[in-house]
Amino acid sequence: MSQSHSPSIPPIGTTGRLLFLCVLVGAVAGVGAIGFYWLLEASSHFFLDYLAGYRPEGPAGEQPLIPETDTPFRPWVLLILPAIGGLLSGLFVYRFAPEAAGHGTDAAIESYHFRAGSVRARVPLVKAIASAITIGTGGSGGREGPIAQIGAGFGSIIATRLNLSRTERRALVAAGMAAGIGAIFHAPLAGALFAAEVLYREMDLEYEVLVPSFIASIVAYSIFAVKYGWSPVFSTPEFVFQNPAQLLPYLVLAVVVALGAMVYTRVFYGVHNGFERLKVPRWLKPALGGLVVGGIGWFVPDALGAGYGVLQKGFTSELSITFLLVVAGAKIVTTAFSIGSGGSGGVFGPAVVIGGALGGAVGLIMQQLLPNLGLDPGAFVLVAMAGFFAAAANCPISTIIMVSEMTGNYHLLVPSMFVCVLAYLFTRRFTLYEKQLPSRLDAPSKMGNMLSAVLGKIPIQRAISGEENFATFQESTGFRQIVKTYAETDQSCFPILDDAGKLIAVIHDRDIRHVIDQAELADLVVARDLSRKPQRLPADASLLDALRHMTVSGLDALVLVDPGDTTRAVGVLSHEQLVRAYDQEVLSASD
Amino acid sequence: MLGQDPLVTDARAFRAAIHDREALLSTGIGLGVAVPHVKIRAVKDFVIAVARVADGLEFDAIDRQPVRLVFMIGASEDQAASFVQVLARVVRLVKDDDRRERLIQSKIPDDFLNIVRAASLGDSSLGAGARGTGSLGTES
């Protein structure tokens, strides 16, 4: 039995090193997630509990790390807390790492696509502290953005320290993002899929980061769960889907969450762009945003902070339609002003709360309209959490898994798939993540690789097929003959052979073009006067080799030589022929 | 003369290359003018020497006439594009009968250069301050 080694598969040592580093990234991100979660809890405890006496309910799977205080509820403190948080966060972020402002997932995506995976070493720490301040003071933001940027930062730092290649650095950045999300949401599979899926807007996946992301996510999740428990974030009733007729109200849900996601995206970027144009110091903007958030929070406290308590109650249908719609609307605005103003936090957390609230309202309405279908409004909350974010972030696959892992409930996979895919299709032109690229074809990191891959597979012989005959000169060939031959052929270069037929020089068409109208040279110039040293390329090389030769030499034509005898010219290759062969290869491979 | 120019690193190779080039095709272009030239690694930049031959020199020129004015030109191997341009300028310079005769009759290098400048060709190829060096000699 023989073994072949494909050149496209890296050596086992390289792969092994990368996968080992993924374990390291996962471990660092897992510890980082523990630290970030503790910071969030400590910040919320101090600002919301100790100062404002506000203690929103959390999800059933997460218990408070610090015992609650007995501070009485002070609504006026809650009114100003988000502004204070915005001020502290703004001062801190814009002093130390301005790139840590806003929602971190977009920053991680930008780093992956446009900065070769480079993240400054200080970003994870600055992001963690700034997000803890923003969310802990009542700002409406989620953990996914910060932890994505923190994890990506860890991956980048490790790659930089070890002087890894750009490809390896990007893999570790994605692995770090997956690890952070997988850990903090108790969702290791979804974290890995999210890191691969969130990079693109269309139906595309960065498949090469999947295995690194799986490894890092498993490690980070395990470390985080050892510290904070293995339960899912939410506790849900045993929802079931056993009646296909229920897909009709789920269709309505898909339309509602798609519309909601569009509104969410529009409002978020409307506010974000408004703050961009606002002529005040940028460190002050999160505080101004915080004032609006505090004002809304005065009337709807559930629109502050993470807001997961609303979902927990929604699963058991404890909330009214009006309340759910108000929370959804208010949360859209508070998120836009908290994060769109430059505060630090994610948009996934608020999105699932908004989606879940909308879903709960739709579920209750549908239950009243279609009482015989056995609908459970709590199930609509769960499905809508996934559907809303799938639509807003163009991540249907990872979101379905994410919500299932967060709730520990896989019984609603069918309606979740149904709603997520429909909502995603309805809103393909909208995205919360501006740095997402349409598809892998648009990725700067892929373009060079794709070009190389295509050119590397095309033999030169295919490029010169049908044009094997070529003109040559001798050193003594006169100017008139050179010009005549040049006019009669399409050749870009003309080999000059000695009396024995061996290649000794070459004339390029541009050297003829420069003097073609100078008739006075007719009796003076011979081929040797116009010649250059020949760029020789074995005729069995690939077009990629040819392109490299042309690029290095600055010439647009090469003399092809016998691989066994480089003094024997067997053809010429022009840049035009190279491009034509490339185009034909790409077109023949396309639909 | 050019063999002593610092831009020519190997005078013997330069001379051999000039002879080798003449063997391919005489550079006697007629009208009493020859333009022996070579593009070779032993030259670092353009060098030009001009010689007037009072009694004329047999050069196997295309019109079989003896040569009275010689432009010897050297260039480095990577000056392929400008090399032939310089040759063309020299040919244009001597094509005019009156100017050619004045060049042959000029007594001192400055006279010669003034004629070249007046012909608006005294830039990078022939004039004072040009890249490379220029020399004017007389041979009898």
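1. A salt bridge is taken here as a side-chain nitrogen of Lys or Arg within 4 Å of a carboxyl oxygen of Asp or Glu. By that rule, three salt bridges are found across the interface of chain B and chain A; one of them joins A:Asp529 to B:Arg21, with the closest N and O atoms 3.0 Å apart.

2. This is a predicted model, in which local features need pLDDT of at least 70 and side-chain atom pairs count only at pLDDT 80 or more, whereas totals for chains, interfaces and linings use all residues. Residues are numbered from 1 along each chain as its sequence is written, chains are lettered from A in the order in which they are written, and side-chain values use heavy atoms, with hydrogens and water left out.

3. At the interface, 23 residues of chain B are in contact with 18 residues of chain A (contact meaning heavy atoms within 4.5 Å). The area buried between the two chains is about 1800 Å², of which carbon and sulfur atoms give 61%; buried area is the accessible area (1.4 Å probe) that two parts lose on being put together, summed over both.

4. The axes of helix 5 (residues 144-161) and helix 6 (residues 166-184) of chain A come within 7 Å and cross at roughly 145°, the axes being lines fitted to C-alpha atoms over the stretch in contact and the angles running from 0 to 180 degrees between N-to-C directions. Helices are DSSP runs (H or I, at least four residues), numbered from the N terminus. Residues making this contact include A:Gly151 and A:Gly155 of helix 5 and A:Gly176 and A:Gly180 of helix 6.

Notes. Helices (H or I, at least four residues) and strands (E, at least two) are DSSP runs, numbered from the N terminus.
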